[in-house]
Amino acid sequence: MTESQQDPVSESQIAVHWREEEYIYPPESFVQQANAADPAIFDRFDEKNFPDCFVEYAEMLSWDKKWDTVLDASNPPFWKWFTGGRLNASYNCVDRHLADKANKAALIWVPEPESAEPVAITYRDLYHRVNEFAALLRDFAGLKAGDRVTLHMPMVAELPVVMLACARLGVVHSEVFGGFSGNACGTRIADSGSRVLITMDGYYRSGTLVDHKVKADEALAEAAKQGQEVDKVLVWRRHAGEYASQTPMVTGRDFFVDEVIAQYRGQIVDPVPLPSEAPLFLMYTSGTTGRPKGAQHSTGGYLSYVTGTSRYYQDIHPEDTYWCMADIGWITGHSYIVYGPLSLGTTTVIYEGTPNYPDAGRPWRIAERLGVNIFHTSPTAIRMLRKVGPDEPAKYDYHFKHMTTVGEPIEPEVWRWYHKTVGKGEAVIVDTWWQTETGGFLGSSLPALKPMKPGSCGPAVIGIFPAIYDETGEEVPDGKAGNICIRNPWPGIMQTIWGQPERFISVYYEKYNKDPDSKDWHDWPYFAGDGAVRAPDGYYRILGRVDDVINVAGHRLGTKEIESAALTVPEVAEAAAVPVIDDIRGRAVEVYVSLKPGYEANQEMVDKVTRSVEVEIGKIARPKNVWIVQDMPKTRSGKIMRRVIAAVSNFTDTGDVTTLANPEIVDQIRHEVQSAKVARGDVPRELTETERAEIQSFGKEE
Ligand code: PRX
């Protein structure tokens, strides 16, 4: 069974009802200054003007050579945008601002320790840093256009420097979220075929200087196991001249950047004019199978898309101070901390640490100190800050004109706190729905032109034409849930999955393509993997993943990856990972395991499984609970019924289990798990109808 195929019991058959929220209109002060305030924009981006409408985005960039063709759709679904054109992303994000913004801050980096001052890096300084590091990459590391390099860097200003230095040469960067484990990084090094790893010795997180270099050694061991040797590890030091890690540097392989860079001081490297379709970076994400997917993003199409959406949807002006609190290790950070904002010549803030360190007032102190006027974060961060510091925002004198939420559905109640308390009722909010694969926004209100509706991401963004299909490919009526697809290509869509073009087709296009030989893009809707409902006003509510992916704090975790991690514990016979509703993180992961004969269920075993998930993936995937059960509920063909387990964990109805091979086990598991949860005071609140539908259909391909 391929990843895109699902059981016929579909989301579309689950009627979903919710109370329609009232519209909230943007403040007049926002509308007055907005980049997109003329409704004529909707006509310019109307379907009749597709694909030429996207020229408006491409023209926001500086091209070395203009394109011949806007969209080359001759080899579906491998779309090529602005072909014949040549450009350089580093030039667009740095050099072109030197003429009028050389001494303006490009980046303001805020270290986590509050005793340390923020560091402002001007466009001119960024230019020199990027050039020097590009010289090092070319002459010391021997990298050239088309080579891949893996980055495993935390939230420091050096990370965008490295990305832009790669982009200057056409080297394809693949940044792995700093919180991922060494093993996870190693798998991505091997998959991308990187010969060079760029990392840092340590970084501050919740008050501790974390040893990060140790993960480089683990990563290299794992990559070698998978057949990929790494020749050089470039190690930035959090405090130049002092080494924050316990692991020794390996002679001839590991190099401190602050030492090597000395010989490249003052060097200038001409930006390479790259074909529009040259890959800019890989961003790995999770899917149904264990092997991560390297979403490959292009130079011309991607940069056009993130620049255009940053201008219109983030309302970024060069004079703004823009802060996206996401991590650059995720797509949000690539598109909306680094490439979009810098392409527009604004000031983008990078914060090293956790939002509530040393207390829940920290984000608002940063906003006050730096004069942040555009703020961007996730529902998880908002829920957490609301819980731990509901009155903090009022204590600080900052003023946001614009706020974003991204990555997960936001509850209307949480949205209202964000609006009233964080935004002080002065800011417009955009709820942006999109994915690693899509490069930029798919669903959001255009802030000056469409009202906000709490809990809905809004209509499709301009130039995006969605449809919600049932399992048979019929469009579902408004108010009914189905699988949301995008009918047309757009410049930000990934080009392919690195090294897995068949998987690119099977995961995203096979499901709703009726003729694999068709050369007409209309026959290739993009299957996003999300359930959604459209209201009669055209606003979408995203219900969550329809595949085996759990969205924890806005981060996608594949159940198969977690299960494979649990199965590395020799005593474990079977493993199943399921989501539980979590009031802060949206969803958390619970893992059920059964042991091989002769082994005993005990705390040590629970710890082993937990550790295995941390080692294989990272702390982010750490299970909330590990339950050791005698057996898993299974179908007669031996498949684990994840939806039954998920129902137990969430205290919802397990449905009819009489056709299982071992129905009696369900009561036993329910008794064990639920009584333990009751004893720990860990009983979830009553689920909403949509949450219940999600849990009861979880893992439904089995
Ligand atoms: O399920 C959707 C959810 O996050 C998934 C994409 O995750 P990722 O690739 O990690 O990218 C996250 C940042 C863009 C989607 O398939 N999602 C994303 N944004 C929203 C959302 N769910 C509801 N509302 C959103 N605004």
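## Cysteines without partners

The sulfur of Cys 53 has its closest cysteine sulfur in Cys 457, 19 Å away, which is too far for a bond. A disulfide here would be a pair of cysteine sulfur atoms within 2.5 Å, and a search of the whole structure turns up zero of them. Cys 185 is in no disulfide either: the nearest cysteine sulfur belongs to Cys 166, 14 Å off.

Cys 53 is buried, at 7% relative accessible area, and Cys 185 is buried too, at 0%. (Buried means under 20% relative accessible area, exposed over 50%, and partly exposed in between, using a 1.4 Å probe and protein chains only.)

## What the model is

This is a predicted model, where local features need pLDDT of at least 70, side-chain atom pairs count only at pLDDT 80 or more, and totals for chains, interfaces and linings use all residues. Residues are numbered from 1 along each chain as its sequence is written, and side-chain values use heavy atoms, with hydrogens and water left out.

## Aromatic rings

The whole structure holds 45 aromatic pairs. To pair, rings of Phe, Tyr and Trp (its six-membered ring) need centres within 6.5 Å; planes under 30 degrees apart are stacked, over 60 edge-to-face, and the rest tilted. Take Trp 81 and Phe 82: their ring centres are 5.7 Å apart and their planes meet at 55°, so this pair is tilted. Trp 81 is buried at 5%, and Phe 82 is buried at 0%.

Both rings belong to one aromatic cluster, whose members include Phe 45, Phe 50, Tyr 57, Trp 63, Tyr 305 and Trp 521.

## Lysines over rings

Lys 424 puts its charged end over the ring of Tyr 398, 3.8 Å from the centre. For a charge to sit over a ring, NZ of Lys or CZ of Arg must be within 6 Å of the ring centre and within 35 degrees of the ring normal. Lys 450 does this with Phe 42, over the ring face at 5.1 Å from the ring centre.

## Around Asn 88

Asn 88 sits in the loop between β3 (86–87) and α4 (89–93); helices (H or I, at least four residues) and strands (E, at least two) are DSSP runs numbered from the N terminus.

Setting aside neighbours within four places in sequence, Asn 88 is in contact (heavy atoms within 4.5 Å) with Asp 64, Ala 167, Arg 168, Pro 271, Val 272 and Leu 274.
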